[in-house]
Amino acid sequence: MVVVMRSGCSSSDVDEVVGVVEEAGGNAFVSRGVARTIIGVVGDDDVMATLNLTAVPSVAEVIRVTQPYKLVSREHHPDRSTVVVGTGELAVSIGPDTFALVAGPCAVETPEQTLEAARMAQRAGARLLRGGAYKPRTSPYAFQGLGEKGLRILSEVRAEVGMAVVTEVVDAHDVDLVAEHADMLQIGTRNMSNFALLQAVGSAGKPVLLKRGLTATYEEWLMAAEYVAQRGNLDIVLCERGIRTFETATRNTLDISAVPMVHSLSHLPVMVDPSHSAGRRDLVVPLSRASIAAGADGLLVDVHPHPETALCDGPQALREEELAELADVCRVFTAAVGRIG
Ligand code: PEP
Ligand code: MN
């Protein structure tokens, strides 16, 4: 059972709930977030159900759902959620009625490359720019990203082109710094189970793009989202990016079932990253068609002005010509499924 406290509740309000739970033989785990305080209650379900915690004035909601993930479950929240990224003129909605194309370079390399990639993305209809300043690379000898310098480049390009920015954070110590520059914080596949990092982004006050772990089940992925939500941040967008299978022809295998399955399990938006799924640019457009048809709420796509010199993931980066094709697909397919692009 999960107890969501009213915003602005005092510590004595929280103590009151904890006291009631403990007196009945249960255990209470308090998580104080920026926006909400959430209390996880563990104990005999039948006894806990008799506590009538909804009658306590400082309690906003008591959630009893059968799934292990509670706050992100569709059972708890039957309507699908929309997450707004960025503010004012840069605001982009990701949810059931819209379609969000997010595009940009895999890694921020130089101001010129980032700006060119952003303009390419914009021409294709993207209103959100992606780009990694911190790169979690398989090899310690590979380009690791420009770090803080990359964040500054993203901020400058953001102001220049007028696009909200999503970028990855790989270390809990960098969360505040990345949140100063980014409109949305990305958790990459390799960090989906880094629970300290999930808690830190949950407290950062910015929307989170949570990629599916390389070998994560839907339940494990949603439990990772629950770590973020438990910190009071429900502005979470899930991103399917391909999983590990026996097939070696593609970098990963896009699990297209993830889109309708996770929509049925959770109210959170689900996007697809066809670039990291396939690892090759010739498959990005066909996989994008499939993703939109399956109900994806958006796409996350790598683009690069000169993929042959890219410091990271060049073979999957779209060039101007493929990007024009992707833009066409987005227009035609999103109209066919009744979404506003
Ligand atoms: C990325 O989007 O830049 C990235 C590293 O993706 P993933 O974590 O899915 O490999
Ligand atoms: Mn990449």
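Buried here means under 20% relative accessible area and exposed means over 50%, with partly exposed in between (1.4 Å probe, protein chains only). This is a predicted model, where local features need pLDDT of at least 70 and side-chain atom pairs count only at pLDDT 80 or more, while totals for chains, interfaces and linings use all residues. Residues are numbered from 1 along each chain as its sequence is written, chains are lettered from A and ligands numbered from 1 in the order in which they are written, and side-chain values use heavy atoms, leaving out hydrogens and water.

Take helix 3 to begin with. Helices (H or I, at least four residues) and strands (E, at least two) are DSSP runs, numbered from the N terminus. Helix 3 spans residues 111-123, and its 13 residues reach 18 Å from first C-alpha to last, close to the expected 18 Å (1.5 Å times one less than the number of residues). Its buried residues are Gln113, Thr114, Ala117, Ala118, Met120 and Ala121. They sit on the same side of helix 3 because they cover an arc of only 160° around the axis, taken from the directions from the helix axis to the C-beta atoms. Glu112 and Arg123 are exposed on the face turned away from that buried side. The cover over the buried residues includes strand 7 (100-104), strand 8 (128-130), helix 4 (148-161) and helix 11, with contact meaning heavy atoms within 4.5 Å. After helix 3 comes Gly125, with a positive phi near 105°.

Now for the metal. Cys106 (SG), His276 (NE2) and Asp313 (OD) coordinate the manganese ion (ligand 2) at 1.9 to 2.3 Å. Donors are N, O and S atoms within 2.8 Å of the metal (3.2 Å for Na, K and Ca); water is not among the atoms, so sites may look incomplete. Along the chain, the donors follow the spacing C-x169-H-x36-D. His276 lies in helix 9 (residues 274-278) and Asp313 in the loop between strand 14 (298-302) and helix 11 (320-336), so that the pair, 37 residues apart, links distant parts of the chain. Both His276 and Asp313 are buried.
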